[in-house]
Amino acid sequence: MIVKDEEATLPRCLRSVSGIPDEIIIVDTGSTDRTREIARDFGAIVLEFPWSGSFSEARNHGIDQASGEWILILDADDEVDPGDRDKLRGLLDAPAVEGYLFQTINYTGRGVLYQS
């Protein structure tokens, strides 16, 4: 996860995936709030990476540090639906699968903003 000043949204995101990944890697691009501390409270590995203007450089820096076979990429304001937690973990046991693409629904206020 690439973050900067996400103390307001990060706890909800990390609670939603708690127990799913074997490791959580946070690439912090210069937070001045409690983002790093919150990430560490959830057991995350926090990497400091000065923002270079390139999401791919920051993302690749985090991916290079990952030790697992699977990588779940999230934004700090994402949340895994509680009903999908067990399903998500179960997907990791399919030996013939090389990757997954998930539908995301983004909400704002009380309505759906964007669905892909």
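Relative accessible area sorts residues into buried (under 20%), exposed (over 50%) and partly exposed (in between), with a 1.4 Å probe and protein chains only. At 33% relative accessibility, Tyr100 therefore counts as partly exposed.

This is a predicted model, in which local features need pLDDT of at least 70 and side-chain atom pairs count only at pLDDT 80 or more, while totals for chains, interfaces and linings use all residues. Residues are numbered from 1 along each chain as its sequence is written, and side-chain values use heavy atoms, with hydrogens and water left out.

**Aromatic pairs**

Rings of Phe, Tyr and Trp (its six-membered ring) pair if their centres lie within 6.5 Å; planes under 30 degrees apart are stacked, over 60 edge-to-face, and the rest tilted. The count by this rule is three aromatic pairs. Two of them are tabulated below.

| Pair | Centre to centre | Angle between planes | Class |
|---|---|---|---|
| Trp51 and Phe55 | 4.8 Å | 65° | edge-to-face |
| Tyr100 and Phe102 | 6.0 Å | 25° | stacked |

Trp51 is partly exposed at 40% relative accessibility, whereas Phe55, at 58%, counts as exposed. Phe102 has a relative accessible area of 42% and is partly exposed. Together with Trp70, the residues Tyr100 and Phe102 make up one aromatic cluster.

**Pockets**

Pockets are found on a 1 Å grid over the protein atoms alone: a pocket is an open set of points where a 1.4 Å probe fits, with protein on both sides within 12 Å along at least five of seven lines, and lining residues have an atom within 4 Å of a point. Grid points are joined across faces, edges and corners, and a volume is the space filled by probe spheres set on the points.

The largest pocket has a volume of about 1,600 Å³. Its lining holds 47 residues, of which Leu72, Ile73, Leu74, Val80 and Leu88 are the closest to the centre. By class (Ala, Val, Leu, Ile, Met, Phe, Trp, Tyr, Cys and Pro nonpolar; Asp, Glu, Lys and Arg charged; the others, Gly among them, polar), this lining has 27 nonpolar, seven polar and 13 charged residues. Helices (H or I, at least four residues) and strands (E, at least two) are DSSP runs numbered from the N terminus. At least two lining residues of the largest pocket come from each of α1 (10–17), β2 (25–28), α3 (55–65), α4 (85–90) and β4 (105–108).

The second largest pocket contains about 160 Å³ of space. Ile2, Val3, Lys4, Glu6, Thr29, Phe55, Arg59, Asp75, Ala76 and Asp77 form its lining, to which β1 (2–3) and α3 give two or more residues each. Four of the lining residues are nonpolar, one is polar and five are charged.
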